[in-house]
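Please keep the structure open while reading.

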Amino acid sequence: MLQFIKEGLSGRNGQYFLIVAAVMLVAPLIFWKLDLPFAANAMLLCLMFSIMAMAWNLLEGYTGQLSFGHAVFFGVGAYTTMILMLYYGVTPWVGIFAGGLVAALVGLALGVPLFRLRSHWFALATIAVGEIFKLIFISWDYVGGSAGLQSPIVPEEQKLYYLQYAGSYVYIYLALGLLGLELLIMYPLVRSRIGYYLQAIREDEDAAMSLGINPFKYKMVAMFFSALFTGIGGGIYTVRFRFVDPFAVFDLISVSVYITIAGILGGIYSFVGPIVGSFVFVPISEYVRVYVVSRFPRFYGLHVFVLGVILLAISLLAPEGIMGWLEKKGYLRKREEGGEEG
Amino acid sequence: MVGLDYVANAVVSGILIGSVYSLVGMGLALIWGIMDVINFAQGDYMMLGAFITYWAFTLAGVDPLLSVPLSFLVTFALGVLTQRVVIERVLDAPMVSQITATFAVLLMIRYGAEAAFGPYTKRIYVPYADVIFRFGTISLQLPRLIAFFVSLGVAVAFYVFLKTTYTGVALRAVSQNRMAAYLMGINVRKMYWIAFGIGVGISAVGGTLVATFLPIHPEMGGFYALIAFIVVVFGGFGSVFGAYISGIIIGVTESVSALFISPSLKDVVAFLLFIAIILVKPTGLFGTEQR
C-alpha cells in the first residue's frame, strides 16, 4: 500500500497534488480572514461532493455500474450520525464513521439483489431503491418521519464534542481530512489488483468471468467502499447543517444526480475527475442558488436548470469529461497504466 | 377488515387513474422499443402537457378536453426538436452518455418549467369537476371517467395508426431491424423523429387528462416517470395494449394496496414490484442484455 502512495506522490502529478493540497489548506484561512462565508460554504460543498462523487465513481468509472441511488447511502449516513448524536449522545467524531459503516452494510445488502442486473436495469433499480428509502423514512416515526431530526443545541464548552461551529470554516478541515483519508484508501485500491479486476468487469463482464474473476465478489468490494464514503459524506452534511429530513437527503435530483453530474463532468475514467467535476459544478450551482434563487424565490429551480444545461453540454460535446478532454488535447500527460501486479 | 364495497371502489378508481399511467407508459415503451433509448424525461413531457392545458384553460378558457390535440401537437414538436438536437447524437454513444443526456433534458424541462411557471401547485377547476355518478356503492367522478375514455380512444387510435398506416408499419419495421428498414428505403432518421414526437406527445395527453382532476406541479413528472418505468417493464415492449393493460394493473394494485397499508407506503409496493419484476423476468422478453 505504501509503495502506491509513494509512487502517487512522485513525478509531476505528485507535485500538482501537493500544490493543490497546500492551496486547499490555506484557502479557508483566507476566507475566514476576509469574511467570505459564501466561498467557505461553497468550498465545503465542493469537498463533500468530491468525497461522494469519487466514491460513486469507484462503482461507475471503474466497475461500470451506473448508480442513481447514492442518495440512499448519503441519507443513511446522515441519519446514523444524527440519531447516534441525538438519541445516544455519541460524538459525531465517531458517528460520521459509524454512518459510513452502516451505509456500507446497507450497500452490501442492496448489492445482493441489484448486482444480478446489468447496464441500464441496474441504473433503473437504483432509482427505485432510492425512492423506497425516501418513502420508508417519511413514514418511520423513530427517525422523525417527514419532519426530520434536528441536532441538539449544546453549551459552548461541548462544541468540540458535538462538532458545532459557526460557519463552514472548521468543517472544511474536517472534509479535507476525510477526503485525504478517502484518497489514501482509494488510490492504493484502484492501483492494486482489485482495481484492475474492477476495470476488467467494466469492459466485459463475461470475459472477466472467463479469466477467473468473480464479478459479484469484486462488485461487492466496490460497493462497500463506494457506500462507505458516500455515508461519510452524509455525516459531514449532518454536522454542518444540523438538520436531516427525508426529502432533502434521499432526493434523487439534489443528491444522486448531483453526484452523477460531478463524476460525469470531471471524467469518469480519471481518478481525480470527480473532484475536478465537483469543484466546477458546485460553485456554479451555489452561485445561482444563493445570488439568484434566494433573492427571487419565484425563480426557484433555475440553479438545477443550469446544471441541466451543463450536463447536456458535457454529454454531447465531451462525454469523456473535463479530465478526459484535457488528456485528449494533450494538456495533461496521461498516467501510464502499467499492470505491475495484475 | 376492509369492506367489499371499498375494494370495489378502489378497483374502479385504480382502473381510471391507471388509464393515465398507461398513456405515459405507452409513450416510454414506444421510444424504448424503437430506439433502445430510455427517455428519463418522459414524465416531464407529461408535465408540459398538463401545463399547456392549464395555461390554455386559464388564459383563453379552452376546455381541457379541447386542448388534448393542442397539448399533443406542441409536445410532438418539442419531442422532434429534442430528438434532432439531443437524442440523435447519443444513439450510438455508450449507455452512460445516453442516460445522462436524457437526464439533462429532464433537468432542463422540469426546472426550466419550475423557474418559468413558479414552484407552485396549480389546479384547473372545470365546470363538471363535481359531477359524480353512483352505481350502488361505487361512485365515479366525471373528469376521471372522461379521462379513462379519452385515454382508451388515444390508445385505440395509436394501435390503428401502427397497424394500418405506412408510417406506423415503417415504425414497426425500424424497431424490428434498423438496417433492413433502411435498405427497404425507409427514412430511419425521420422515423426516429416521429417516434420520439409521438412517444412524448402521448404522455402529454396523459398530463392533460390528469390536470382535469388532480393538482399539477412542475415537479410532478418524477412520480409519473417512475410509474411509467414500472408499466413498461411489466407490460414488455412492442405491444401497445400490453403497456395499456399493465398501466391499469399498476393503477389497481396501487389503489387496492392503499386500503391495506398506510397510503404513504402504497408507492413502496409499486417500487418493490418493479425491482422484483426486473429481477425475476426471464431473459427472452428483454433481449440479450440482461441475465
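## Chain B: overall form

In chain B, 77% of the contacts with a separation of 6 or more are between residues 24 or more positions apart. The model is a predicted one. Chain B has 291 residues, and 49% of them count as buried.

A compact globule with 291 residues would have a radius of gyration near 19 Å; the value for chain B is 19 Å, so the two agree. Taken along the principal axes, the C-alpha atoms of chain B fill a box of roughly 60 × 50 × 35 Å.

## Chain B: secondary structure

Chain B contains 12 helices and 2 strands. Read from the N terminus, the order of its elements is α-α-α-α-β-β-α-α-α-α-α-α-α-α.

## Helix α6 of chain B

Helix α6 of chain B covers residues 166–176, and B:L171, B:V174 and B:S175 are buried in it. Seen down the axis of α6(B), the buried residues fall within an arc of 100°, so they line one face of the helix. The exposed residues B:Y166 and B:Q176 are carried on the face of α6(B) turned away from the buried side.

Which elements do the buried residues of α6(B) pack against? They pack against four helices of chain B, namely α1 (4–35), α5 (142–164), α7 (178–183) and α8 (188–211).

## Chain A: overall form

The secondary structure of chain A consists of 16 helices and 2 strands. Of its 342 residues, 51% are buried. Contacts between residues 24 or more positions apart make up 76% of the contacts in chain A with a separation of 6 or more.

For 342 residues, a compact globule would have a radius of gyration near 20 Å; chain A has 20 Å, which agrees. The C-alpha trace of chain A spans about 55 × 45 × 45 Å along its principal axes.

## Confidence in chain A

The mean pLDDT of chain A is 89, with 97% of its residues at 70 or more. Over residues 336–342 of chain A, pLDDT stays under 50. For that stretch the model has 5 contacts beyond four places in sequence.

## Contact between the chains

Contact between the chains involves 40 residues of chain B and 38 residues of chain A. On the side of chain B that touches chain A, at least two residues each come from α3 (67–90), α4 (95–117), α9 (221–235) and α11 (266–280) of chain B. The largest share of this side, 15 residues, is supplied by α4(B).

What is the make-up by class of the side of chain B that touches chain A? It has 27 nonpolar, 8 polar and 5 charged residues.

## The nonpolar core

The largest nonpolar core has 209 residues, and those with the most contacts inside it are A:I51, A:A175 and B:A195. Helix α3 of chain A, residues 37–62, gives the most to this core, with 18 residues.

The contacts of A:I51 can be listed one by one. With neighbours within four places in sequence left aside, A:I51 is in contact with A:A175, A:L178, A:L179 and A:E182, and also with A:F229, A:I232 and A:G233. One of these partners, A:A175, is itself among the residues with the most contacts inside the core.

Key:
Residues are numbered from 1 along each chain as its sequence is written. Chains are lettered from A and ligands numbered from 1 in the order in which they are written. This is a predicted model: local features need pLDDT of at least 70, side-chain atom pairs count only at pLDDT 80 or more; totals for chains, interfaces and linings use all residues. Two residues are in contact if their C-beta atoms, placed from the backbone, lie within 7 Å. Ala, Val, Leu, Ile, Met, Phe, Trp, Tyr, Cys and Pro count as nonpolar, Asp, Glu, Lys and Arg as charged, and the others, Gly among them, as polar. A nonpolar core is a set of buried Ala, Val, Leu, Ile, Met, Phe, Trp, Tyr and Cys residues joined through C-beta atoms within 7 Å. A residue is buried if 20 or more other C-beta atoms lie within 10 Å of its own, exposed if 12 or fewer, and partly exposed in between; C-beta atoms are placed from the backbone. pLDDT is the predictor's confidence in each residue, from 0 to 100. The radius of gyration is taken over C-alpha atoms; the globule rule is 2.2 Å times the number of residues to the power 0.38. The arc is that of the directions from the helix axis to the C-beta atoms.
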